[in-house]
Amino acid sequence: MVSSNRPLPWSGSGEDSDDGGQLSRPCKRWRSLVMHVRRRRRTMDQGVFGFRGMIIGEEFMAMFLPFYANMVQRVVSEEVGKAISRHFNAATAAPPRQLVGWNQRPRYQLMFLNGLKPVYTMMKLEAKDGSALRVAIVENLENDLSSIVRFGYLSSARVEVVVLHGNFNAKNEESWTPEEFNKHIVWGREKSAKLLNGDLTMKLSGGEAFLESANFTDNSSFTSTKKFRLGLRLVNASGERVLEGITEPFRVKERRVEGFEKHYPPLLDDEVWRLERIGKNGAYHQALSGSGIYTVQKLLQSYKKNEQKLFKTFTKMSPAAWKAIIGHAMTCKVGDALYLYEIKENNMGLFFDAILQLVGVKFGDRYKPADQLDQVEKNLVEILKQGAYENMKDIQYDYTMFNHSPVPLHRFHAKGASGSSNVLPNQQILNYGQYSRFPGECSNSQGFESMERVYSSQRASNVSSNVLNMNFSNGSET
């Protein structure tokens, strides 16, 4: 029998001969075995001591099996040892991250729950209402809903605040990779102090934490976008993917321009240039000053009286700028002071707040909140309100809102009324069914003290007599 010189199936090609082709270590051992067998076959063909075919059958198996058994035992032992080692190494390592597509929002996400007020160097970072920045970890639910994670190991995780370039996530994607997030971290200028100082690492409690102390040491002008974002990430990110939190882009200005900052929220007695889009001594500021409007309160009063007239005060005003100015102004706290405008011909009175927004109506001896008026009452009150706006002079706020009902200031102070009491002295709790088209409507309205003298000296409006003498019972039960 002529021995075959065919290449073995696992032997490498010519170009792979240098590195042994694709053979693994066990395959090389098999090759050495087969080559040994081939040499023995050639010996068998040629014969031993001139006798051909002497080693056959049982003799060949007796020679082959011990060698084969030793090799298999050695290979199996090594492979089992490697498998056991891999198993125990994986058990002690950190749990693998859950794989999430780059465009798929993870289940959990860190968030800033309140917005930043304008930021200046060396000044404490605060929310728009002056409180500390609030952060949380939330679980994203269906229908774009989310809830704070109150329990579990994530609810007490440690998080840290970093500074990001303002152009990070410029396309408002729902998700990004940790590598993208880390690539946009801003570390500050060379040979400068740390960009963001303070207690930047927090431990969540019940899924929430507060950034109590942090401030910028440099402005944002040295970056290409001239803006920063704050970023929030886990200190030790392991296990399931938690998406980092980010704020809206913002500028960091030098502290020396603090005197020109806007107020969030503005105060009623703030000058109008404290509002967005109105620059100090700018065109809008001068236009308002020329019309006698110097404060936020006067601006809102003019807005409630006649919006179109106020808008025409500005020679050139875009709808977007107008919306921003009024929207910012309306965030101010109005307070509980009330002004009563009496219409004696109708035995009625209109209650206005500090910005002349209607809050309620007095029908005879009874008070009804503005949001509980029926359609007939609304039509009548709208006419009377416009007449009141035209005749208001020397407005004095002689009432205050207490327990959802107007109370004269002198009685409020004389009786020592306070939030600890839910009942006013001699207050008359009345049923408003007789002023309602349907029985039981407006049953939650509060009574109005009928015997109090009204301290407003306003005269009746010049609304046409046929309107003033309308029979109110046409729209009410008798």
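Which side chain makes a polar contact with the side chain of D129? The side chain of S131 does, at 2.6 Å. A polar contact is a pair of N or O atoms within 3.5 Å; within protein, one must be able to donate a hydrogen and the other to accept it, and residues adjacent in sequence count only if both atoms are side-chain atoms.

This is a predicted model, in which local features need pLDDT of at least 70, side-chain atom pairs count only at pLDDT 80 or more, and totals for chains, interfaces and linings use all residues. Residues are numbered from 1 along each chain as its sequence is written, and side-chain values use heavy atoms, with hydrogens and water left out.

**View 1. D129 sits in the loop between β2 (119-120) and β3 (133-140).** Strands (E, at least two residues) and helices (H or I, at least four) are DSSP runs, numbered from the N terminus. D129 counts as exposed because its relative accessibility is 56%; exposed means over 50%, buried under 20%, and partly exposed in between (1.4 Å probe, protein chains only). Leaving aside residues up to four places away in sequence, D129 touches Y264 and P265; contact means heavy atoms within 4.5 Å. From C-alpha to C-alpha, D129 and L116 are 8.8 Å apart, with a sequence separation of 13 residues.

**View 2. Six strands form an open sheet in the order β17-β16-β15-β14-β18-β19.** The pairing is antiparallel; two strands pair if DSSP finds at least two bridges between them. β17 (366-369) and β19 (405-408) are the edge strands, each pairing on one side only. From one strand to the next, the twist averages 35°. Axes are lines fitted to C-alpha atoms, for helices over the stretch in contact, and angles run from 0 to 180 degrees between N-to-C directions.

**View 3. Strand β14 (residues 337-343) is mostly covered.** Six of its seven residues are buried. β14 pairs with β18 (residues 399-402) over two antiparallel bridges. Here L338 stands opposite Y399. β14 also pairs with β15 (residues 348-352), in the antiparallel sense, over five bridges. I343 has M348 of β15 as its bridge partner.

**View 4. Four residues separate the strands in the hairpin of β14 and β15.** Within this hairpin, N347 takes a positive phi near 55°.

**View 5. β15 pairs with β16 (residues 358-363).** Five bridges join the two strands in the antiparallel sense. L350 stands opposite V361 in β16.

**View 6. Helix α8 (residues 375-391) lies across β14, β15, β16 and β17.** The helix runs at about 70° to β15.
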